[in-house]
Amino acid sequence: MSQGKIVGGFVAPHPPHLVYGENPPQNEARSEGGWEPLRWAYERARKSLEEMKPDVLLVHSPHWQTLVGHHFLGVPHLEGKSVDPIFSNLFRYKFSLDVDVELAEACCQEAAAMGLTTKMMRNPKFRVDYGTITTLHMIRPQWDIPIVGISANNSPYYLSVDEGVEQMDTLGVATRKAIEKSGKRAVLLASNTFSHWHFHEEPDVPEDMSREHPQSYEGYKWDMKMIELMRQGNLKEVMRLFPEWVEEAFAEVKSGAFPWMLSAMGYPEIPAELHGYGTVIGTGNAVMEWNLEKAEARDAAVA
Ligand SMILES: [Fe+2]
């Protein structure tokens, strides 16, 4: 068996509004559209994902919260209805997904061996959170690639941000080791919004885009600064500024998916591709790609 590898990673945010705007058959709520620039950003990301030909998608979601340890979906097939607890008017989604339990168990074991508290989730009736589902639906609406679902332990919220990031760094290394041993081609999905300042009232027509804009200019400026650094491939500076970004933009990356993904990819100093940016109820959302295999091929051509 050849060595497995991470072929790429995406920042793939999960506002349920994006699924609502798409009107897929799985979602009960109907819309007139809305949030098109972000939905079109996902369309571009889908094309890249298709070219990456992954065997498995790994997603870390802030909305599967497990206060004791890092948990992994551990049931081969899960289905049911997922409802957003806040936006139940927009997101009531019938999901049906296949889990790569073998890889999930390997990630779980590697992380435990590195000192993290971990657990496999074995409840066959488990209702998968809307963050995991929205990210997966938006990046691969066909649902034809097995997934590994990872919970948010949320350690940065009750430890210091630095300690929390350190834990996510370890989880990232463990994830990479498990993928390499698996022989599979994997794509990582960090299900995070950036600036998370948001409005507290919804327009009568939720998809009325005349009401959509950044809630906070400070949050917007932080997002642009960080996206520009990512586009330059300057992840050292991104991680140096990470605690300040989290603090001042109330950034959802605090929940761990983003540092987990960067660590798993080895903090690649390659320019990230921005597929698009847009706000959802005022929060800042970017769809971004790190294509490790393409960067490798470029390096090989130059050498
Ligand atoms: Fe969220």
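Which residues is L189 in contact with, leaving aside its neighbours within four places in sequence? They are F10, A12, L57, L58, V59, T135 and I139. Contact here means C-beta atoms, placed from the backbone, within 7 Å.

This is a predicted model: local features need pLDDT of at least 70, side-chain atom pairs count only at pLDDT 80 or more, and totals for chains, interfaces and linings use all residues. Residues are numbered from 1 along each chain as its sequence is written.

L189 belongs to the largest nonpolar core, which has 80 residues. Such a core joins buried Ala, Val, Leu, Ile, Met, Phe, Trp, Tyr and Cys residues through C-beta atoms within 7 Å. C107, V148, L188, L189 and V287 touch the most other members. Buried means 20 or more other C-beta atoms within 10 Å of a residue's own, those atoms being placed from the backbone.

Two of L189's partners, T135 and I139, are buried residues of helix α4. Helices are DSSP runs of H or I, at least four residues, and strands are runs of E, at least two, numbered from the N terminus. In α4 (residues 130–139), 10 of the 10 residues are buried, so the helix is largely enclosed by the rest of the structure.

Now turn to Q215. This residue sits in the loop between β8 (185–190) and α7 (217–232). Q215 is buried, with 20 other C-beta atoms within 10 Å. Not counting residues up to four places away in sequence, Q215 touches W197, H198, F199, G282 and T283. Q215 and I227 lie 12 residues apart in sequence and 18 Å apart in space, C-alpha to C-alpha.

Terms used: A residue is buried if 20 or more other C-beta atoms lie within 10 Å of its own, exposed if 12 or fewer, and partly exposed in between; C-beta atoms are placed from the backbone.
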